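The sequence and structure come next, followed by the points grouped by topic.

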Amino acid sequence: MRILVSNDDGYLAPGLAALVEACRAYGEVDVVAPEANASGTSNALTLQRPLTVQTAANGFRYVNGTPSDCVHVALTGLLPQRPDLVVSGINNGENMGDDTLYSGTIAAATEAYLFGIPAIAFSLQHRGWTGLDTAAAVAHELIGRVLRRPPSAGPWLLNVNVPQRPLADLAGWKLTRLGKRHASEPVIRQLNPRGDPIYWIGAAGGAREAGEGTDFHAVETGHVSITPLQVDLTDHAGLPGWSGWLQG
């Protein structure tokens, strides 16, 4: 069994090291992660400059690009063998609801899914790495379960969020759907040393749809949230209406 591990917090992130250790019992582990923090880069690929791959003292390889770059390079030329599973994380903070559109953690897993490889993205509820041991234990158990009994014959993509609490205090696992957030907070305007205006993207909005069955609700009630994802963005329910509009 071969497992590729990546993330978006960078190759020095504690969450990456914890996820690698969670995988080691299951086979050969390759690590290809960004050189620097690449949070919020979504599925971006670097096309306007060349990428470099270097190896850290611990054997982790790192790329001067995005999480998607890391997995793409690994799968299309860097690794001698195709991995059986790709895992991403453990992210420093939750990736729920609308976060999935922006998350580099999920993007790394999605890149593998696009290549037909099963993939899982793991995130910890709050920033700061408190409870990382719980998230690592959850990752270890879930990876073992999907390797022993794959959910389906084809590729699949899971988004997993772990509550910030001791392992013994978890309420269990729940299969969930994505909730929704309010719009993000306004940008923060500042002046640089030359007096020119600069802008920081505002904080993510709070949970707007967080009822039972959503990832927000599961994590808030102490459950590990497991959300199956897909890449098809087609508005299937809206197709008949658009068809009528086009013919009208």
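Helices (H or I, at least four residues) and strands (E, at least two) are DSSP runs, numbered from the N terminus. The model is predicted: local features need pLDDT of at least 70, side-chain atom pairs count only at pLDDT 80 or more, and totals for chains, interfaces and linings use all residues. Residues are numbered from 1 along each chain as its sequence is written, and side-chain values use heavy atoms, with hydrogens and water left out.

**Backbone geometry**

- W129 sits in the loop between strand 6 (119–124) and helix 4 (132–148), and its phi is positive, near 75 degrees.
- W129 is partly exposed, at 21% relative accessible area (buried is under 20%, exposed over 50%, partly exposed in between; 1.4 Å probe, protein chains only).
- S42, in the loop between strand 2 (28–34) and strand 3 (53–55), is not a glycine but has a positive phi of about 55 degrees.
- S42 is buried, with a relative accessible area of 17%.
- A cis peptide bond runs from G89 to I90, with omega near -10 degrees; I90 belongs to strand 5 (residues 85–91).

**Pockets**

- A pocket is an open set of points on a 1 Å grid over the protein atoms alone, where a 1.4 Å probe fits, with protein on both sides within 12 Å along at least five of seven lines; lining residues have an atom within 4 Å of a point.
- The volume of the second largest pocket is about 500 Å³, taken as the space filled by probe spheres set on the points, which are joined across faces, edges and corners.
- Its lining has 22 residues, and T100, L101, L178, Q230 and L233 are the closest to its centre.
- Helix 3 gives the most to this lining of the second largest pocket, four residues.
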